[in-house]
Amino acid sequence: MDDRRRWTRRGFLTTTAGAVVSAGVGNALPAAVSADASPEPRTGSSDALHPFPVDRVRLTPGPFLEARDRNSRYLLSLPGDRLLRSFRVNAGLTASAEPLGGWEKPDCELRGHFTGGHYLSACALTYAATGEEEFRARANAMVVELAKCQKALGSGYLSAFPEEQFDRLRAGVKVWAPFYTYDKILRGHLDVHRLCGNAEALATAERMAAWVRNWTKGLSDAHRERILTIEYGGMNAVLYDLADVTKKEEYRDLAHWFDQKAFFDPLAARKDELTGLHANTQFPKVIGAARRYELTGETRYRDVAEYFWREVTGLRAYATGGTSDGERWETPPGVLSTALSSSSAECCCAYNMLKLTRHIFAWTADPRAADYYERTLWNHRLGTQNPEDGTLMYYYPLASGYWKFYGAPLSAFWCCTGTGAEEFAKAGDSIYFHDDAGIFVNLFIASEVKWPEKGVRLVQETAFPEQEGAAFRIETERPSSWTLRLRVPWWATRGGRVRVNGEALPAFSSPSSYLALTRTWKSGDRVELELPMSLSVAPMPDDPTVLAAMYGPLVLAGRLGSEKLTRNMTYGEYDCELKGEPVPVDAIAGDPRDVSSWIEPAARRRLAFRTRGQAKELELVPLNRLFGERYAVYWRVRPTRA
Ligand SMILES: [Zn+2]
């Protein structure tokens, strides 16, 4: 058994140790309840779990529906002709619209990444998630216009910048990231095909891929490795997806071309050589490795993905689930207390880690993967969208005394604007997974999911996190036997309770495991899950006196007020760096291991807390709800002197 298998197996054993296991708990309670202690890891893609596609899940009122709707309004506010302008100019077509700003401005080397890529993907995802025709119409109209640009260019190439950027890439002359942008445009078209049923979008994508095949022809391995040192997005991942959609092997072979040996070899050998690397350059490649494993069964690529995921989530991620500082990993694994700044944790990194986590979870059903997903979604995705106008953050400042900083609506278009627009479009994703035996509930988000193959509809009612738990209603065409697996999160350290049709079951499961309920379900069956939350600390791995406070899955932020914080300091344009000075934050007097020594719940208010025993007391609220104000996430906590 190799390391990877030991790791996975150990994960299952530790996460279920101490679980109350009770199968077939008696006639009065005809549900078999057990902790899901799958004795062997799932090893191949054939027995993997499947996330329910976005169009099977509907969000119901709650913070994620609000964020999705705000994102929808933002997408609809963007003027189509302005989005298309640079593509038309590049193709020699008439373009009279005013150019956009930021990373879409006419001299930016990444122009087109948002329009041809993220915007198409976000519209397609929103259509799938909502069924609202307006989004499909927008995506379809843009595909028509982009196809005209591709036709005018003549070679299958499609971009808002000329091929000259690729000439520089081939010649080793400085250039930003042409394949990064090309990947986004390919992905946008593939998404419009997959989610909106648009055949022309697939034809455009196939012509784009044919251009890539020509471009890569005849280059030596050494030349290719040099080219792949320049950020290339997920060119491998998108070409594997194109191969999967079309069932054409040629795209699989072309995807292999983007397999960067120098990056993958150490990961396959389980060596962390990530220090010094630009973080967001790497995730899409690893997602490509995950797709290669899923399509070909080559375990090297599963090893790459799993080892990378374990290193980043275990030793390079903050309490929020985010990773990187100043876009890079500049410190050795496990050294994070010195990597806190105004430019911590680029948002794209968290977005891409969630994408990767979805693959890891589908292979392993490892509850720790779902734990990471929840942590990152609630703390580093929700709350990065400006409630005023749907604009999005780039960095997530984690040094104390800073504030949230957004891209201006028509003059930023950062990479994180694009990934954020996609994130909130698919906010219903990864709540539910299934295998042949039943449904996994991974996230507590008000929603419903349809499983037509089994004639089942599952409705989740919750006001989480105000409500510490959720209720599930089952609707079935006919009574049917399957297993409902409810995630018992890492933070459920005070236990919990489950009721089926009003009757409490005498068993529960330990933190980081699944509570499996197997029975013949009939319409109207109702399951209620109680998961009491508590305060905890998330210490830095290299300094346990530097820590963040959490309540359940929520990272808490100390409110530092909005003094001298102007609107100009809250919005950026081309430059995504936050400008302005932080306010100083005092160390906390308390026991670093005992959060109750310095935090207590605020009287009569849910999810509000305050410090105690300090010279100056502060209020703490969930980081994802704090806007327009300075904050502190990490605290230096020093023992009180007796
Ligand atoms: Zn970004």
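The lining of the largest pocket divides by class into 18 nonpolar, 11 polar and 15 charged residues. Here Ala, Val, Leu, Ile, Met, Phe, Trp, Tyr, Cys and Pro count as nonpolar, Asp, Glu, Lys and Arg as charged, and the others, Gly among them, as polar. This is a predicted model, in which local features need pLDDT of at least 70 and side-chain atom pairs count only at pLDDT 80 or more, while totals for chains, interfaces and linings use all residues. Residues are numbered from 1 along each chain as its sequence is written, and side-chain values use heavy atoms, with hydrogens and water left out.

Let us stay with that pocket. Its volume is about 1300 Å³, and of its 44 lining residues, Arg194, Asp241, Arg291, Arg358 and His359 lie nearest the centre. A pocket is an open set of points on a 1 Å grid over the protein atoms alone, with protein on both sides within 12 Å along at least five of seven lines; lining residues have an atom within 4 Å of a point, and a cavity is a set of points where a 1.4 Å probe fits but cannot get out. Grid points are joined across faces, edges and corners, and a volume is the space filled by probe spheres set on the points. Among the elements that each supply at least two residues of the lining are strand E2 (50–51), helix H7 (178–196), helix H10 (235–246) and helix H13 (279–296). Helices (H or I, at least four residues) and strands (E, at least two) are DSSP runs, numbered from the N terminus.

The second largest pocket holds about 580 Å³ of space. Thr313, Gly314, Ala317, Tyr372 and Arg375 are the closest to its centre, out of 23 lining residues. Which helix gives the most to this lining? Helix H14 does, with six residues. By class, this lining has 16 nonpolar, two polar and five charged residues.

The zinc ion is coordinated by Glu346 (OE), Cys348 (SG), Cys415 (SG) and Cys416 (SG), at 2.1 to 2.3 Å. Donors are N, O and S atoms within 2.8 Å of the metal (3.2 Å for Na, K and Ca); water is not among the atoms, so sites may look incomplete. The site is tetrahedral, with angles of 95 to 122° among the four donor atoms; four donors count as tetrahedral if all angles lie between 85 and 135 degrees. Along the sequence, the donors follow the spacing E-x1-C-x66-C-C. Because cysteine 348 lies in H15 and cysteine 416 in helix H17 (residues 415–425), the pair ties together parts that are 68 residues apart in sequence. Both cysteine 348 and cysteine 416 are buried, where buried means under 20% relative accessible area, exposed over 50% and partly exposed in between (1.4 Å probe, protein chains only).

Glutamate 453 and arginine 56 form one of them (3.5 Å, N to O). Glutamate 453 lies in the loop between strand E7 (447–451) and strand E8 (456–461) and arginine 56 in the loop between E2 and strand E3 (57–59), so the two tie together parts that are 397 residues apart in sequence. Glutamate 453 is exposed, at 57% relative accessible area, whereas arginine 56 is partly exposed, at 25%.Salt bridges that share partners also join Arg187, Asp241, Asp244, Lys247, Arg291 and Glu294 into one network.

Finally, the backbone has a few details to look up. A cis peptide bond, with omega about 5°, joins phenylalanine 464 and proline 465. Glutamate 327 is not a glycine, yet has a positive phi of about 70°; this glutamate 327 sits in the loop between H14 and H15.

Terms used
Four donors count as tetrahedral if all angles lie between 85 and 135 degrees; four count as square planar and six as octahedral if opposite donors are over 155 degrees apart and all others between 65 and 115; anything else is irregular. A salt bridge is a side-chain nitrogen of Lys or Arg within 4 Å of a carboxyl oxygen of Asp or Glu.
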